[in-house]
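Morning, everyone. Please have the structure up on your screens, and we will walk through it piece by piece.

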Amino acid sequence: MSSGHGFFTPPAILRCKPLAASLVSGETAELLARAADGARMPITADIPAAEVAIVEMTNAFRRKHELAAVRPNAQLEAAARAYARVLAAGTDLSHTLEESTPATRAQKAGYAYCQIAENLAMASYSGRFTPSDYANRAMRGWEHSPTHRRVLMLPHLTDIGVAVLRASPDDQRYIAVQLFGRPRTARYEFKVRNTGRKTVAYEFAGKRYDLEREQYMTHKVCLPGSIDVITGRARKATARYEARDGQVYSLEAGPEGVTVDVAPDPRHTTEVAAPN
């Protein structure tokens, strides 16, 4: 079983510093075989079973590590299936064939994303293909590879699409594409406001913000981060708070420094909806 990897994170939005993109990993699988005239053969019962098994094993792995389960998403599955066909047409197990990336493929399938991650796998069979054996081989390979394991353990993922495909009737290679995502609709939103008379300052995602009296800043970001409150004459960050969805961070400068009050935003409604 060989594997490939790739991971992309888009920039944070609404005046937050863009996050650096990084390559991590991707795979999912579906069996489609091509007949001699180029037409695709029907999907056998074994292929969907292998795809289901990969999703189930993925969630079992995430639960074991106290991470939220991911749910099947039709758009990610379509993107994974389309790319499995591309991989089957050649011999390279790459995340960037045909000048595409996991992110662009997800977008093309209609998935507006905050985060995209992908694992790839390929195995050859000289004997009978079985769903459980293939799923186990793919998962073992990903779990024991540091980069692929990192993808499996990304904490903010919510969706998954898996496709398994046989290269052709005469080619015993089975390709798996495992595509993860977090939709743009699941962005984190929080506010920082100045409730005092004096100017207050903080940093978030590497950018400094200065709030005058009664000013506030609303942040909408794909991934959470830390709010560093700046106090004292040195004007350095002296307190750090984890930015949480739906919270208001009220800052007030006084003789002893800046006090911070954290409370839920009464006007905030949490919505985590994946496109389907």
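One thing before we start: this is a predicted model. Now go to Glu66. Its phi is positive, at about 60°.

α1 covers residues 46-64, which makes 19 residues. From first C-alpha to last, α1 reaches 27 Å. That is close to the 27 Å expected at 1.5 Å a residue.

Which residues of α1 are buried? Here is the list: Ile47, Ala50, Glu51, Ala53, Ile54, Val55, Thr58, Asn59, Phe61 and Arg62. Keep one rule in mind as you look. An α-helix has 3.6 residues a turn, so residues three or four places apart point the same way.

Next, the core. In soluble globular proteins, nonpolar side chains tend to be buried together. Here, the largest nonpolar core has 27 residues. Ile54, Phe129, Tyr134, Trp142, Val164, Ala176 and Phe180 have the most contacts inside this core. At least two of its residues come from each of these elements: α1, β4 (113-124), α4 (131-143), α5 (146-152), β5 (159-168) and β6 (171-183). Which element gives the most? That is α1, with six residues. There is also a second, separate core, of 21 residues. Among them are Tyr113, Met122, Ile175 and Val177.

On to the strands. Take β4. Why do we call it largely enclosed by the rest of the structure? Because 11 of its 12 residues are buried. Its partner here is β6: the two strands run antiparallel, joined by 11 bridges. To find the pairing on screen, click Ile116, then its bridge partner in β6, Gly181.

Now an open sheet. It has four strands, in the order β10-β7-β13-β14, and the pairing is mixed. The edges are β10 (216-221) and β14 (257-264), and each of these pairs on one side only. From one strand to the next, the twist averages 20°. Look at β7, residues 188-194. Six bridges join β7 to β10, and the two run antiparallel.

Last topic, the rings. A pair of aromatic rings is described by the distance of the centres and the angle of the planes. How many aromatic pairs does a search of the whole structure find? Nine. One of them is Tyr125 with Tyr134: 6.3 Å centre to centre, 40° between the planes, a tilted pair. Are these two buried or exposed? Tyr125 has a relative accessible area of 7%, so it is buried. Tyr134 is at 0% relative accessibility, so it counts as buried too.

Compare Tyr202 and Tyr209. Their ring centres are 5.1 Å apart and their planes are at 15°, so this pair is stacked. Both Tyr202 and Tyr209 are buried.

Back to Tyr125 and Tyr134. Together with Phe129 and Tyr174, they form a cluster linked by ring pairs. Remember that Phe129 and Tyr134 were also on the list of residues with the most contacts in the largest core.

Two charges to finish. Arg137 lies over the face of Tyr125, at 5.1 Å from the ring centre. Arg105 lies over the face of Tyr83, at 3.4 Å from the ring centre. Zoom in on both, and that is the tour.

Definitions and conventions
Residues numbered from 1 in each chain as written. Predicted model: local features only at pLDDT ≥ 70, side-chain atom pairs only at ≥ 80, totals over all residues. Heavy atoms only, no water. Expected span 1.5 Å × (residues − 1). Buried < 20%, exposed > 50% of the residue type's maximum accessible area, 1.4 Å probe, protein only. Core = buried A, V, L, I, M, F, W, Y, C linked by side-chain atoms within 4.5 Å. Pairing = 2+ DSSP bridges. Axes fitted to C-alpha atoms, helices over the stretch in contact; angles between N-to-C directions. Phe/Tyr/Trp six-rings, centres within 6.5 Å; stacked < 30°, edge-to-face > 60°. Lys NZ or Arg CZ within 6 Å of the ring centre and 35° of its normal.
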